[in-house]
Amino acid sequence: MIIDSSQDGAPAGLAAVAGSGYWVPEPGTVEAEFTGVDGTLVQRRWVEAAVAVRFEQLAPVAAFPVVPGRRWGPGWWWSATTGRHVMHGSQAMCTQLMVLDRDPHVVGLSARPARLIWRDPDSGRVLTWVPQLFARYADGRALLADCPATTSPAGDRAERAAAVLEAACAAVGFTYRRLVPPEKVVAANVRWLAGYRHPRHRDAGGLEQAVLEAFAAPRPLMAGAGAAGEVLTALPVLYHALWHGRLAADLTRPLGEHTLVTPRPATGDGEQEQHDR
């Protein structure tokens, strides 16, 4: 929430973020730098770029760093939403990409598509921040996000950037979030289902209709797969349907042969729409 700071000595044209202690610049003074279609860097006022630029279609404005000694480096996630690869720089970011890719409301995804630039009201220095993820929703809304590996408090630089990005995004109808890592069981279940996200699994063996009919009423996972046909052929079709939401299960508990699969979203599915966090 932005509060009126006119009575506590804030510089003209600036507002304070409640509870943060940081001044944030007016959104109209924030700049965005991104890679143009010809590969060159373009810089525009953020409030203009947010309306005109399809950030979900852009290449990363900056490469992900390779940190010596770290077990996880940059990689690629094949998105079932877009049918193309999206780069990621950490396991935490890959997990959030996976969750967003499964969200039926998401229609576009990209990694590090823009660098936001502003002059810090406290120090007068020019500061920058490159959010890790961008997601476009079917209703036109958009999410800029970072993907911390833990729920620990952010450092000072990240907190300052978050205050600026929240205000800048709110001014154009976007949302900025530091995404909370999903629960371990939920993440493991979604990661398993993600292995079957490719369209080739949708009607493997011609069993899609049989699988959906087998779970016309709630039924244990393995019992329904057996009723649909040959189990080893039916299971990929079933997992694909669970990934895409044509069937549902409680993902807060480990998936197994006795997991109850339903034809509609199950209560306690353990999912939240990222843009509502």
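**A look inside**

Guide: This is a predicted model, and in it the largest cavity is lined by Y22, W23, W118, D120, P121, L127, R160 and V164.

Visitor: What classes of residue make up that lining?
Guide: Sorted by class, the lining of the largest cavity has six nonpolar and two charged residues, with no polar ones.

Visitor: And how much space lies in the largest cavity?
Guide: The largest cavity holds about 40 Å³ of space, and a search of the whole structure turns up one cavity of 30 Å³ or more.

Visitor: Switching topic, which residues touch the most other members in the largest nonpolar core?
Guide: That core has 43 residues, and those touching the most other members are L100, V211, L238, L242 and L247. Helix α7, which covers residues 231-244, gives the most to this core, with eight residues. Apart from it there is another core of 30 residues, including A32, L58, L116 and F134.

Visitor: What does L242 touch?
Guide: If neighbours within four places in sequence are left aside, L242 is in contact with R102, L193, L247, A248, A249 and V261.

Visitor: One more: where is E56 found?
Guide: E56 sits in the loop between α1 (46-52) and β6 (75-78).

Visitor: Is E56 buried or exposed, and why?
Guide: E56 counts as buried because its relative accessibility is 7%, and the cut-off for buried is under 20%.

Visitor: So what does E56 touch?
Guide: Not counting residues up to four places away in sequence, E56 touches R84, G108, L109, S110, F134 and R136. With R136 there is also a polar contact of 3.1 Å, joining the side chains of E56 and R136.

Key:
Residues are numbered from 1 along each chain as its sequence is written. This is a predicted model: local features need pLDDT of at least 70, side-chain atom pairs count only at pLDDT 80 or more; totals for chains, interfaces and linings use all residues. Side-chain values use heavy atoms; hydrogens and water are left out. Helices (H or I, at least four residues) and strands (E, at least two) are DSSP runs, numbered from the N terminus. Buried means under 20% relative accessible area, exposed over 50%, partly exposed in between (1.4 Å probe, protein chains only). A polar contact is a pair of N or O atoms within 3.5 Å; within protein, one must be able to donate a hydrogen and the other to accept it, and residues adjacent in sequence count only if both atoms are side-chain atoms. Contact means heavy atoms within 4.5 Å. A nonpolar core is a set of buried Ala, Val, Leu, Ile, Met, Phe, Trp, Tyr and Cys residues joined through side-chain atoms within 4.5 Å. On a 1 Å grid over the protein atoms alone, a cavity is a set of points where a 1.4 Å probe fits but cannot get out, and a pocket is an open set with protein on both sides within 12 Å along at least five of seven lines; lining residues have an atom within 4 Å of a point. Grid points are joined across faces, edges and corners, and a volume is the space filled by probe spheres set on the points. Ala, Val, Leu, Ile, Met, Phe, Trp, Tyr, Cys and Pro count as nonpolar, Asp, Glu, Lys and Arg as charged, and the others, Gly among them, as polar.
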